[in-house]
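The sequence and the model are shown below.

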There are 2 protein chains.
Amino acid sequence: MVRLMCGGRDWMKKKSTLRDVARQSGVSVATVSRVLNDSQSVTEKTRVRVSAAIEDLGFVPSAAARSLNSGRTRTIGALVPTLDHSIFARYLNALEDRLSELGYGLIVSVTNGSGDIEVKKAHNLLDMGVEGVIVSGRSHAEGLNRLLRRFDVPMIITSYFDPLADYPTIGYNNAAIAESALRYLRDLNHRHVAVLHGPLEGNDRIEARLDGLKRAQGDVTLEFVETELSVKGGAEGILQAKIDRQSTTAVLCLSDVQALGALFELQRQKISVPQDVSLMGFDNLEWSSISNPGITSIALPAAKMGLKAAEAMASWLTTNFPAEPLDLKAEIVSRGSTRKI
Amino acid sequence: MVRLMCGGRDWMKKKSTLRDVARQSGVSVATVSRVLNDSQSVTEKTRVRVSAAIEDLGFVPSAAARSLNSGRTRTIGALVPTLDHSIFARYLNALEDRLSELGYGLIVSVTNGSGDIEVKKAHNLLDMGVEGVIVSGRSHAEGLNRLLRRFDVPMIITSYFDPLADYPTIGYNNAAIAESALRYLRDLNHRHVAVLHGPLEGNDRIEARLDGLKRAQGDVTLEFVETELSVKGGAEGILQAKIDRQSTTAVLCLSDVQALGALFELQRQKISVPQDVSLMGFDNLEWSSISNPGITSIALPAAKMGLKAAEAMASWLTTNFPAEPLDLKAEIVSRGSTRKI
DNA sequence: TAGCTTTATGTAACCGGTTACATTTATGGC
DNA sequence: GCCATAAATGTAACCGGTTACATAAAGCTA
């Protein structure tokens with residue numbers, strides 16, 4: 001095998017180029033380029049001839065050469081904290097689909113909720129030439145802001161709504177949503193609510209939700225328990241909250257991931273849901289509608305957010321006008337895990 | 001704002017180039033390139049001067065120009081069927097981390113289990129210049145094979161082990177693992193087992209698992225129920241399997257996602273787990289260790305598979321020798337959802 | 001100091017497409 | 001057939017880095 005003798009990347013140079021196609025079809029490189037990019041100014045006869053050469057040679061245009069010349073990659077980068085538990089799956093699916101319709105590709109990078117990793121991953125994306133960056137949450141390391149300024153690339157924030165933020169936000173008002181959740185429980189006559197939430201560190205969505213709860217507290221006693229954003233964290237949160245059937249009548253988890261763990265732990269302790277304690281989650285993940293009982297949850301507009309973010313970014317890149325903030329609405333899905341007392 | 005008057009992408013041309021850096025630091029473009037790529041043949045004095053100009057100008061190298069010249073992107077593409085339920089999250093995290101250590105970037109694309117989407121996404125990845133492609137499962141549309149040959153890019157298959165496959169497989173033997181699961185239940189004296197599995201269509205991992213079960217059947221009666229690969233699908237599978245406490249003593253779900261739904265449905269029907277029916281899953285997803293009872297599950301070597309695939313691909317690209325097939329072992333994690341009868 | 005060797009740096013071509021401007025060909029009208 | 005115009009196509013420069021080979025500078029030894 002001669003190929004195995006070459007070592008390294010020599011075989012990479014064997015691929016045909018636009019010049020090969022031009023030579024074989026007897027036209028200039030400009031005509032080949034026109035056939036590839038613009039069918040208006042080439043005759044059908046010539047187009048057929050060029051297309052046959054492309055097919056015959058297995059010609060594949062170089063994206064690097066193309067973007068070097070056009071100054072565009074038509075690629076957008078998205079940074080998300082995690083791929084776990086489908087939290088971002090619906091949003092990413094919608095984002096990618098809509099961007100694709102608008103002629104853009106999407107590259108996703110995972111930050112594990114770390115500011116340092118986020119800067120590093122953003123740098124990678126920008127190195128690759130992404131034309132825009134879409135992030136989750138409002139607060140980001142100063143390093144990220146500096147990077148975006150340096151690369152002069154637009155950024156859109158999702159999962160958050162704040163018309164006054166430094167970058168346009170396309171998402172939802174976390175504080176208001178948390179308030180409506182508390183109102184929902186209050187209307188069911190709950191006056192002692194344990195709130196299970198993930199790590200506060202660098203997570204402005206959780207912070208805003210807690211602010212909203214504290215603001216709407218009124219005559220409701222709230223107990224806050226910070227725990228891991230995982231199923232396990234939910235179970236541990238129940239242990240920490242010391243649910244004893246006597247005072248706390250409801251548990252509000254700021255994520256359905258934790259709500260699943262909380263449900264399991266309550267069942268383990270023979271604490272009946274919703275007889276003894278009502279349980280509510282956030283994000284309406286799939287299991288919340290299948291669980292026993294179904295978990296009352298806040299359905300966040302993930303797919304719509306992805307779609308709108310895609311459109312906003314494409315528009316920004318085309319018109320050079322920044323995106324407008326957009327407040328998407330969430331809604332409460334009632335299920336068997338909550339009851340009136 | 002003059003910038004807002006430019007429209008389109010004019011501001012893209014204002015960024016500094018390697019030539020600007022060379023001019024400002026009074027050296028040639030070759031020296032600037034050497035400072036960027038190789039610190040051995042440049043004096044410290046020159047290096048400092050060039051670095052200052054880079055910082056001053058906010059110079060950012062063009063990845064397109066660099067890859068056009070070097071013939072490399074140092075980027076690998078991975079195709080996965082879904083981002084849902086963390087099924088692939090551990091594998092992708094490990095893959096990306098190890099590739100990064102080896103000097104490669106990773107781009108992930110989701111295929112939604114569709115052959116057509118897979119070909120389209122692969123085309124996008126190859127257009128972007130990825131140097132290798134890593135896929136899940138052995139069977140793929142012929143269009144994908146053609147694409148890879150056309151681009152002359154190496155491919156590695158994961159989540160499957162078959163030393164005779166057309167491309168190297170780095171994963172696990174699905175048939176053997178399913179056999180061991182059945183053996184485990186059989187050793188607990190289960191002789192009637194309902195098997196819940198996702199859609200067979202184009203999913204060779206499930207197919208292999210079923211083959212393994214049929215081969216290992218012996219004196220065990222198996223009932224196969226095809227259902228959606230989702231929590232909901234698991235619940236519906238229980239309804240379809242008509243678990244009645246009389247004959248079927250165990251339910252084997254070929255995914256923990258379905259096992260979660262099955263657990264909920266069994267509880268809804270007041271069928272006690274494991275008293276009335278034992279329940280077993282596949283993949284040892286997080287909730288299986290937290291649920292009530294914990295779900296006995298097969299722990300697949302996702303992280304190790306990601307790590308080994310990364311190393312195999314990097315090695316292949318460096319040495320031009322194809323990767324060797326690798327059979328990673330799974331292990332059964334016993335929990336409260338199964339019992340001896 | 002001169003000559004030789006090693007180190008540091010520069011020049012110009014190149015990578016593979018795109019496209020402004022130039023040139024050729026085709027078409028329609030008189 | 002000739003002329004004007006439109007359509008089709010070609011030429012050469014360019015994008016922004018990389019690097020082979022050439023040249024200059026530095027270091028060492030006799």
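How far is a phosphate oxygen of DNA strand D from a polar backbone atom of Leu18(B)? The separation is 2.8 Å. The model is predicted, so local features need pLDDT of at least 70 and side-chain atom pairs pLDDT 80 or more, while totals for chains, interfaces and linings use all residues. Residues are numbered from 1 along each chain as its sequence is written, chains are lettered from A and ligands numbered from 1 in the order in which they are written, and side-chain values use heavy atoms, with hydrogens and water left out.

**The DNA surface**

DNA strand D is surrounded by 28 residues, where a residue is near a strand if one of its heavy atoms lies within 4 Å of it. Among the closest are Arg34(A) and Thr46(A).

| Residue | Residue atom | Atom of DNA strand D | Distance |
|---|---|---|---|
| Asn69(A) | side-chain N or O | base oxygen | 2.6 Å |
| Leu18(B) | polar backbone atom | phosphate oxygen | 2.8 Å |
| Ser33(B) | polar side-chain atom | phosphate oxygen | 2.6 Å |

Elements that give two or more residues to this surface include α3 (29–37) and α5 (63–70) of chain A; helices are DSSP runs of H or I with at least four residues, numbered from the N terminus.

**The two chains**

In chain A, 57 residues are in contact (heavy atoms within 4.5 Å) with 58 residues of chain B. Together the chains bury about 5500 Å², 53% of it on carbon and sulfur atoms; buried area is the accessible area (1.4 Å probe) that two parts lose on being put together, summed over both. The interface of chain A and chain B has 2 salt bridges, a salt bridge being a side-chain nitrogen of Lys or Arg within 4 Å of a carboxyl oxygen of Asp or Glu. Lys121(B) forms a salt bridge with Glu96(A), with the closest N and O atoms 3.4 Å apart. Helix α12 (residues 256–268) of chain A gives 6 residues, the largest share of the side of chain A that touches chain B.

**Domains of chain A**

Chain A is divided into domain 1 (2–61), domain 2 (73–172 + 302–331) and domain 3 (174–299), with bounds from an automatic or database domain assignment. The centres of domain 2 and domain 3 of chain A, taken over C-alpha atoms, are separated by 28 Å. Each of these two domains of chain A brings 15 residues to their contact, and the area buried between them is about 1200 Å². Asp283(A) forms a salt bridge with Arg90(A), the closest N and O atoms lying 3.6 Å apart.

Terms used:
Polar contact = N/O pair within 3.5 Å; in protein donor to acceptor, adjacent residues only side chain to side chain.
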